[in-house]
Amino acid sequence: MQLHSGFNGYVFTLEELQAMVGPGWSGVIERLVQDLEALGWDGTVYQVKEKFGGLRFYIGGATDAIFKRISEAEEESYRVCENCGKPGEPTTSGWIQTLCEECRSK
């Protein structure tokens, strides 16, 4: 499947999408893209980012099943350290990030 920008048609690699957020969420994004492909997603991506400690994955129009899977991945991101991929939770002060205990103490 070809992943492409909904703004200008730029063709993304999976690695480029993963690099838009912390490396700990690479697996979340990889599983999400695979599942969306299986659900018939057209590969159009508008934005991938971190906001308030969670993953945001914006696409154009899609089926309810596709939007449900995106919501599941966004919820999963609140339980995965965005730096290393270990179990984590959002910080409660300052810039909100989802981090494991080890990354939080750095």
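These legends accompany several close-up views of a predicted model.

Local features are given where pLDDT is at least 70 and side-chain atom pairs where it is 80 or more, while totals for chains, interfaces and linings use all residues. Residues are numbered from 1 along each chain as its sequence is written, and side-chain values use heavy atoms, with hydrogens and water left out.

**View 1. Phe-7 and Tyr-46 form an edge-to-face aromatic pair.**
Rings of Phe, Tyr and Trp (its six-membered ring) are paired here if their centres lie within 6.5 Å, and the planes count as stacked under 30 degrees apart, edge-to-face over 60 and tilted for the rest. The count by this rule is 3 aromatic pairs. In the pair shown here, the ring centres of Phe-7 and Tyr-46 are 5.0 Å apart, with 85 degrees between the planes. Phe-7 sits in the loop between β1 (3–5) and β2 (11–12), and Tyr-46 in the loop between β3 (44–45) and β4 (47–51), so the pair ties together parts that are 39 residues apart in sequence. Helices (H or I, at least four residues) and strands (E, at least two) are DSSP runs, numbered from the N terminus. As for accessibility, buried means under 20% relative accessible area, exposed over 50% and partly exposed in between, using a 1.4 Å probe and protein chains only. Phe-7 is exposed at 66%, whereas Tyr-46 is partly exposed at 32%.

**View 2. Helix α2 has its buried residues along one face.**
Take a look at helix α2, which covers residues 26–38. Its buried residues are Val-28, Ile-29, Leu-32, Val-33 and Leu-36. Seen down the axis of α2, they fall within an arc of 125 degrees, so they line one face of the helix; the arc is that of the directions from the helix axis to the C-beta atoms. An α-helix has 3.6 residues a turn, so residues three or four places apart point the same way. The buried residues of α2 pack against β1, α1 (14–18), β4, β5 (54–58) and α3 (64–77), where contact means heavy atoms within 4.5 Å. Following α2 is Gly-40, with a positive phi near 95 degrees.

**View 3. A salt bridge joins Arg-69 to Asp-35.**
A salt bridge is a side-chain nitrogen of Lys or Arg within 4 Å of a carboxyl oxygen of Asp or Glu, and the structure holds 5 of them. For Arg-69 and Asp-35, the closest N and O atoms are 2.7 Å apart. This pair links distant parts of the chain, with Arg-69 in helix α3 and Asp-35 in helix α2, 34 residues apart. Arg-69 is buried, at 12% relative accessible area, while Asp-35 is partly exposed at 32%.

**View 4. Lys-86, Glu-102 and Lys-106 belong to one salt-bridge network.**
Glu-102 bridges to Lys-86 with the closest N and O atoms 3.1 Å apart, and to Lys-106 with the closest such atoms 4.0 Å apart. Glu-102 is partly exposed at 43%, Lys-86 is partly exposed at 41%, and Lys-106 is exposed at 73%.

**View 5. Cys-100 is in no disulfide.**
With a disulfide taken as a pair of cysteine sulfur atoms within 2.5 Å, the structure holds 0 disulfides. The cysteine sulfur nearest to that of Cys-100 belongs to Cys-84, 3.6 Å away. Cys-100 is buried, with a relative accessible area of 5%. Cys-103 is likewise in no disulfide, and its nearest cysteine sulfur, that of Cys-100, is 3.6 Å away. Cys-103 counts as buried at 10%.

Key: Expected span 1.5 Å × (residues − 1).
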